[in-house]
Amino acid sequence: PPVPPVAPPPPAAPPAPRPVRLTKVTLTKEAPTVSLTKQGGTSGALRVNLNWEVRKSFKGWGHKFGKAMAMHSDLDLDLGCLFELRDGTKGVVQALGNSFGSLHRPPFIQLDGDDRTGAVAAGENLTVNLDHINDFRRILVFVTIYEGARSFSGLHATVTLQPQHGAPVDFALDECTVLSNVCALALITNNGGDLVVQREARYLVPDRGVSPQRTLDRAYGWGMNWTPGRK
């Protein structure tokens, strides 16, 4: 009798996908970047937090400028960001000029408040709507001294990026050794749908008569026109 045909072997199972890394990442000078996609942060809200306090003791160069910072109770640091959307729209989200942004319409970034003392436990927060990830091209998160001091010397600050559906990313600012009132904290860029966070922690020194925001613009090539603002 004829031999019945042999059934073909079942197809090989596809390789298991790599698990999403969900442990906290601390960015450093040696390892300054991380992919939010690999951290599971692909949708929902991304909260960018700045928490800061003033040290009470200073040494060396910081003694001259930092002591003045510690004695001021009116020290006001402002968290903000420059943004560029995929359609070419550029702008700024910050307390200055009451440009607090919006979470559900362009620029899909919102600043939640203005901590004027550093005493608020939650610090200051920017929220980025990751459901509109395809609308973003780049975001530069920064902090400026609005009043109360001339430099960041003596400031201890931590930046934390917390995706709603992923693990946090954080880093500390280095000690400030220049007479700077503006610091670029992190650059977030959209690389083909993947938001990549790069630690900047870069203190900038504005030229005489140049605003902190214009100084950031020049350093990162944003190409915006600036006018004076106030709270």
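This is a predicted model: local features need pLDDT of at least 70, side-chain atom pairs count only at pLDDT 80 or more; totals for chains, interfaces and linings use all residues.
A strand, in this report, is a DSSP run of E of at least two residues, and strands are numbered from the N terminus.

Let's start with the strands. Seven of them form an open sheet in the order β1-β11-β10-β3-β8-β7-β6, and their pairing is mixed. At the edges sit β1 (25–26) and β6 (101–102), each of which pairs on one side only. Strands of a sheet pair through backbone hydrogen bonds, in either a parallel or an antiparallel sense.

Strand β3 (residues 45–54) runs antiparallel to strand β10 (residues 155–163), and nine bridges join them. Within this pairing, Val-48 stands opposite Leu-161 of β10. Strand β3 also pairs with β8, again in the antiparallel sense, over six bridges. There, Leu-46 has Val-128 of β8 as its bridge partner.

Is strand β8 buried or exposed? Six of the six residues of β8 (residues 124–129) are buried, so this strand is largely enclosed by the rest of the structure. In a regular strand, side chains alternate between the two faces of the sheet. You can follow this along β8: Glu-124, Leu-126 and Val-128 point one way, while Asn-125, Thr-127 and Asn-129 point the other way, and all are buried.

**The nonpolar cores**

In soluble globular proteins, nonpolar side chains tend to be buried together. Here, the largest nonpolar core has 46 residues, and the members that touch the most others are Ile-109, Leu-126, Val-141, Phe-152, Leu-161, Leu-173 and Leu-185. Leaving out residues up to four places away in sequence, its contacts include Leu-50, Leu-79, Val-141, Val-159 and Leu-173. Gln-198, Arg-199 and Glu-200 are also among the residues that Leu-185 touches. A second, separate core has 13 residues, including Val-92, Phe-142, Leu-187 and Leu-204.

**Rings and a charge**

How many aromatic pairs does the structure hold? There is one aromatic pair. The ring centres of Phe-152 and Tyr-203 are 5.6 Å apart and their planes meet at 45 degrees, so the pair is tilted. Phe-152 belongs to the loop between β9 (136–147) and β10, and Tyr-203 to strand β13 (residues 194–204), so the pair ties together parts that are 51 residues apart in sequence.

Another ring has a charge above it: the charged end of Arg-138 sits over the ring of Trp-222, 3.7 Å from the ring's centre.

Most residues other than glycine have a negative phi, and most peptide bonds are trans. Now look at the loop between β6 and β7 (109–111), where Pro-107 is found. A cis peptide bond joins Pro-106 and Pro-107, with omega of about 15 degrees. Phe-108, which is not a glycine, has a positive phi of about 65 degrees. Asn-98 is not a glycine either, and has a positive phi of about 55 degrees. Asn-98 sits in the loop between β5 (90–93) and β6.

| Residue | Relative accessible area | Class |
|---|---|---|
| Phe-152 | 0% | buried |
| Gln-39 | 1% | buried |
| Asp-78 | 5% | buried |
| Phe-108 | 6% | buried |
| Tyr-203 | 15% | buried |
| Asn-98 | 54% | exposed |

The cut-offs explain the labels: a residue counts as buried under 20% and as exposed over 50%. At 15%, Tyr-203 therefore still counts as buried, and at 54%, Asn-98 counts as exposed.

Gln-39 lies in the loop between β2 (33–35) and β3. What does the side chain of Gln-39 reach? It reaches the backbone oxygen of Thr-23, at 3.1 Å. Asp-78 is part of strand β4 (residues 76–85). From Asp-78 to Leu-96 there are 18 residues along the sequence, and their C-alpha atoms are 8.2 Å apart in space.

Key. Residues are numbered from 1 along each chain as its sequence is written. Side-chain values use heavy atoms; hydrogens and water are left out. Two strands pair if DSSP finds at least two bridges between them. Helices (H or I, at least four residues) and strands (E, at least two) are DSSP runs, numbered from the N terminus. Rings of Phe, Tyr and Trp (its six-membered ring) pair if their centres lie within 6.5 Å; planes under 30 degrees apart count as stacked, over 60 as edge-to-face and the rest as tilted. Buried means under 20% relative accessible area, exposed over 50%, partly exposed in between (1.4 Å probe, protein chains only). A charge sits over a ring if NZ of Lys or CZ of Arg is within 6 Å of the ring centre and within 35 degrees of the ring normal. A polar contact is a pair of N or O atoms within 3.5 Å; within protein, one must be able to donate a hydrogen and the other to accept it, and residues adjacent in sequence count only if both atoms are side-chain atoms. A nonpolar core is a set of buried Ala, Val, Leu, Ile, Met, Phe, Trp, Tyr and Cys residues joined through side-chain atoms within 4.5 Å. Contact means heavy atoms within 4.5 Å.
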